Every structure is written in structure tokens, then in C-alpha cells.
Amino acid sequence: MTSPATDAQVVFVGYNAAYLRAIDGIVPSGSVVVIEEPDIIRKRELQDAATRFDCLDRIVPASYQQSSEALDLAAELTAARPVAAVVPGLEYAVPATAALAEKLGLPGATEAAAQALRDKVRLREVSGAGGVRNPRWREVHGPADILDFAGDEPVVVKPANRQASVGVQLLDSVDAATAAQAWERTSSAAEYEQVPDRQLAWRFLAEERLRGPEFSVEALVRRGEIIFANITAKTVVPGPYPVELGHLLPAPLDQDTQTAFETAMRALVASIGFQTGILHAEWILTESGPTLVESAGRCPGDYLIDLVDLAYGTRIRLTLIDLLAGRPVTLPRAARQTSAIRFLAAGPGTVTEVAGVDTAQGLPGVHVAEVDVEAGQEVRPWASSWDRAGHVIATGPDADTTRQRVLDADAAIRIATD
């Protein structure tokens, strides 16, 4: 990893505190500029964010979600200091990041690839045409479309251009009432702090319900070639909302299955025309092989980057900056150990007590034990990733050991609700 030159700046589209925290004190002081939506600056109280990180020079207000306004900043950004790289901080920032990088002549995903990654309708079209296995799918505009598509089969109903499992529902069977209910829940799903107040355009899909274990692949790509890839085994909660309960990586897979995922990822990169950056692709391993669920062109959430760093000894966030700046990078070919995360659940209601965090933190191999709720706070049933109550992270020499360690840490923590 080489730090950005002191006379250059790294531009992030979208404020990501975890990313800034990971690079703070490593990249030069004041070398980062963040572009963020004015409404999000207000709602997340980011007006003084530059005081929280030594690396952060300033936050520039501009619209970028389904907007080209951020492109107008190109001249202003480069007037005083050259821009070394443009980095996507958030899911909704991927298209604007790619467009700004292209305008500045810097490496990036490409606008066409970014647009496909932010719209599952487009992703299904281009990846399917490129030979990537996809489920049967259809864009839907209301309950009648869901009912017509489903027939007698179980289906998934989801937004085509949202994030964090927001609005995603698994339907075992569909009649007029369940179709209407699913449409209402999917189309009205909200993310107050994640989106601006102005009206945005959302699209929706119904898809064949796939059966099989779930995986994701985290890959770094340079000029269309995958230069690093990790396969993660995923655990999803049962029920109508497929929120992720845990991750284990590298996934313990036989060589044939690993090769199948590698082939599928190369086909995905080629089909969408992705050039340089990071890809996070989610798959279900069906009897026919890896089948694409969705893909994103930014650092994945759910602490997956932290898990990769623990397992491989990498600093992926710093490496991504180097990639997007066109600098050479060195990456390991194999993991040193395994890592896992388990997200904490609590019964719906008002939190009355949180106990066992120190006990969990002291268990063998446990790196993190954090609870995000406290006494008096309301806990909701899981409908998206935002509803989880905390997490534990552990490492170990092999998958079985690490899995048990993270489950033991989970069991040690008690979140009581009334």
C-alpha cells in the first residue's frame, strides 16, 4: 500500500465512517474529500464530520443519488489539488463515482457497469446475455404482475435499486391478498437517513425462488481482470425477510465448486464491462451451479471487509484506493486463517437489559463483541439489515473452529426485551 501523495486528494462519493476510520492516520492529513447529499448531511448530523477524522478535509454538499450534480464539481475539486482516486463510499453512490472518475480520467468501474450494478433489472439483462446463470425474473409494477409471474411457485419480490435487503420478501405461495401485501411492503420500504428527501425512482422485480446455500464473492478487479477473490459462506434467517445472520470465510468448498464460482465471477465481470474497483457478488449454489442473486460495485457491508482483512492479512480499503489511483498493488493468494461474524438478535420490544458482552469478548478467538441497542430502546422484528442488534467477530485456524467460536460468543450475550 502506498499513501496518496501529499499534494493529491482522494474523493469519496458518500460518507462512510467505517472506511474513514480504517484509513485515518495512514493516508495524509486532510487528503480526503467527501461528497454527500445535503439532506443526508443534515439527517446524519455530518456538519462537523471533518473534525472527527484527521484524514478528512471537508464534506462537499451535492446531489449524487439518481443525479448528475456531483459531476459539476469536477473543476472545483481539481482546481486546488489533483485528484488521485474517486472511491464509492456507499451503495447509492456507485454510478456517480464511476461517472466522476471517467470525467477526471481516472480508473473506475465505468458508467455502464455502475448503472447495471445499481439496477437489478439491467443487471439481469446484461449478465444473462453474457452467460451468467440467473433466476427466472420479471420487472413488476403492481400486485397483478406479482400474481401473474408467480403462478403456483414460490417467488422473491424485491426492489431493483435499493440496498441492505430493504423491501426484499420471500413468498412461499401467492394469492391476490399476499401479492397486494407484498407489493405494499416492498414499494413502501423506507430508509430515512440513507436517502435524500426528494422523490427518487424505484423499480421492482419478482424472481424465481432459488434453493441452495448462499455465498458471496468479494473481488478486486484491475482493467477487467480479477486480481483477488474470496468466497464467503452466508447464513440467512428463515422467514419472509432474507436478512443475513452470519458470514464465514473463506468458505470451506471443494476445488470443483471453487472453480465454478471463479468462472461465474469472470463471466459477471465481462458481461457488465466492469474495469477497475471492487465487486461484491451474491450467489445461490443451485443444482445447476452458482446462480446470481445480486452484485454491488463498492465495499460490502456487514463487516465483510474486516473479515477479509482478518483472514488474509490485507488492508482492502487502502488497496482499493491504490487500485482506483492506478498504482500497483500486492495481494495474497491464500488466507492465513478463517474469520466469521454472527449478528445479534433480540425479541421485539423494549430493551430491559444487555449482559454478557465482556464475557463474549474474553472468549478464545473473539475480536469484536458489540451491542448496538441499550436499555429503553425499541427493537423491531428483522425486516432488513438495519434491524440487527449488534455483532460478534471471531477467527480460528479452520472453518469448524471459527464457526463454533462465533456461536459461543453469540450465546454469551443476552439482550432482554419486554
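**Leu205**

I started with Leu205, which sits in strand E8 (residues 204–208). I was working in a predicted model. Is Leu205 buried or exposed? Its relative accessibility is 0%, so I put Leu205 down as buried. Next I listed the contacts of Leu205, skipping residues up to four places away in sequence. Among them are Lys120, Val121, Trp137, Arg138 and Glu139. Val140, Val156, Val157, Lys158 and Ala160 are also on that list for Leu205. I then checked Leu205 against Ile231. They are 26 residues apart in sequence, and their C-alpha atoms are 26 Å apart in space.

**Glu244**

I moved on to Glu244, in strand E11. The cut-off for buried is under 20% relative accessible area. Which side chain makes a polar contact with that of Glu244? I found Lys234, at 3.0 Å. Beyond its neighbours within four places in sequence, Glu244 also touches Thr235, Val236, Glu282 and Asp302. Phe343, Trp382 and Arg388 are in contact with Glu244 too.

**Helix H13**

I looked at helix H13 next, residues 399–412. It has 14 residues and spans 20 Å from first C-alpha to last, close to the 20 Å expected. Its buried residues are Ala399, Thr402, Val406, Ala409 and Asp410. Why do I say they line one face of H13? Seen down the helix axis, they fall within an arc of 105 degrees, so they share one face. On the face turned away from the buried side I noted the exposed residues Asp400 and Ala411.

I then checked what the buried residues of H13 pack against. I wrote down strands E11 (244–249), E14 (338–343), E16 (366–371) and E18 (390–396). Helix H12 (357–361) is on that list as well. Finally, I looked at the N-terminal end of H13, which Asp398 caps. A side-chain oxygen of Asp398 lies 3.2 Å from the backbone nitrogen of Asp400.

**The parallel sheet**

I traced an open sheet of 4 strands, in the order E3-E2-E1-E4, with parallel pairing. Which strands stand at the edges? They are E3 (56–61) and E4 (83–88). Each has a single partner strand, so one side of each lacks a neighbour in the sheet. I noted an average twist of 20 degrees from one strand to the next. Strands E1 (residues 9–13) and E2 (residues 32–36) are joined by 4 bridges. Val13 stands opposite Ile35 in E2.

Helix H4 (residues 94–104) packs on this sheet and touches E1, E2 and E4. Its direction makes about 160 degrees with that of E4. Helix H11 (residues 316–324) lies across E1 and E4, at about 125 degrees to E4.

**Strand E12**

My last stop was strand E12, residues 277–286. How many of its 10 residues are buried? I noted 9, so the strand is mostly covered. E12 runs antiparallel to strand E9 (residues 214–222), joined by 8 bridges. Leu220 stands opposite Ile278 in E12. E12 is also antiparallel to strand E13 (residues 289–296), with 7 bridges between them. Here Ile284 stands opposite Thr291 in E13. I marked E12 and E13 as a hairpin with 2 residues between them.

Note on methods
Residues are numbered from 1 along each chain as its sequence is written. This is a predicted model: local features need pLDDT of at least 70, side-chain atom pairs count only at pLDDT 80 or more; totals for chains, interfaces and linings use all residues. Side-chain values use heavy atoms; hydrogens and water are left out. The expected span of a helix is 1.5 Å times one less than its number of residues. Buried means under 20% relative accessible area, exposed over 50%, partly exposed in between (1.4 Å probe, protein chains only). The arc is that of the directions from the helix axis to the C-beta atoms. Contact means heavy atoms within 4.5 Å. A polar contact is a pair of N or O atoms within 3.5 Å; within protein, one must be able to donate a hydrogen and the other to accept it, and residues adjacent in sequence count only if both atoms are side-chain atoms. Two strands pair if DSSP finds at least two bridges between them. Axes are lines fitted to C-alpha atoms, for helices over the stretch in contact, and angles run from 0 to 180 degrees between N-to-C directions.
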